[in-house]
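Have the model open as you read.

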Amino acid sequence: MTYPRTFSHIGLSVPSVTEAVKFYEDVMGWYTIMQPSDVVEDDSPIGVMCTDVFGPGWGSFRIAHMSTGDKIGIELFEFPNNEKPENNFEFWKTGIFHYCVQDPDIEGLVEKIVAHGGKQRMPIREYYPGDKPYRMVYCEDPFGNLVEIYSHSYELTYSEGAY
């Protein structure tokens with residue numbers, strides 16, 4: 001039987017885990033549940049798990065764990081020799097290209113993102129102008145990750161049906 005699975009976490013690669021933790025604490029209000037720490041390629045359970053994921057020769061990385069207000073995990077990874085993509089908005093390529101948070105004060109969160117080194121990528125838009133107050137905007141954190149902001153829950157936003 002198929003049933004709806006719950007969302008556990010998302011992993012984000014950032015140039016500095018320490019700076020990312022500060023940004024997400026200060027701007028998103030997320031909780032740090034594990035301070036930044038080093039993971040090394042060795043025989044420890046986490047070392048073996050990472051070798052299974054990354055293959056042999058990965059060496060080491062820094063990681064921190066955070067949690068949103070609704071218990072979704074955020075894993076922050078800082079890999080040695082990380083590279084900022086030339087174009088971080090290649091939406092036509094498959095894979096994850098953004099994450100979304102919900103805040104009824106979209107303007108306030110956009111201002112905080114920009115004040116902390118991020119940017120607003122578009123104007124705030126309404127899904128159903130004059131009918132429902134559901135709004136959205138795309139921003140970018142200082143690390144190049146795309147952040148969408150909804151004013152209302154995902155279910156409410158799309159309960160109208162087709163655009």
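## A buried glutamate

E148 sits in strand β9, residues 146-150 (strands are DSSP runs of E, at least two residues, and helices runs of H or I, at least four, numbered from the N terminus). E148 is buried and has no salt bridge; R125, the nearest side chain of opposite charge, is 11 Å away. Buried means under 20% relative accessible area, exposed over 50% and partly exposed in between, with a 1.4 Å probe and protein chains only. A salt bridge needs a Lys or Arg side-chain nitrogen within 4 Å of an Asp or Glu carboxyl oxygen, and for charge, Lys and Arg count as positive, Asp and Glu as negative, with His and the chain ends not counted.

What E148 does have is a 2.9 Å polar contact between its side chain and that of H98 (N or O atoms within 3.5 Å, one able to donate a hydrogen and the other to accept it; sequence neighbours count only if both atoms are side-chain atoms).

## Model and domain

This is a predicted model: local features need pLDDT of at least 70, side-chain atom pairs 80 or more, while totals for chains, interfaces and linings use all residues. Numbering runs from 1 along each chain as its sequence is written, and side-chain values use heavy atoms, without hydrogens or water.

UniProt's unreviewed entry puts a VOC domain at residues 6-152; such annotations may be inferred rather than shown by experiment. That stretch is 22% helix and 33% strand.

## Two loop residues with positive phi

Most residues other than glycine have a negative phi. K71, in the loop between β3 and β4, has a positive one of about 75°, and K71 is exposed at 73%.
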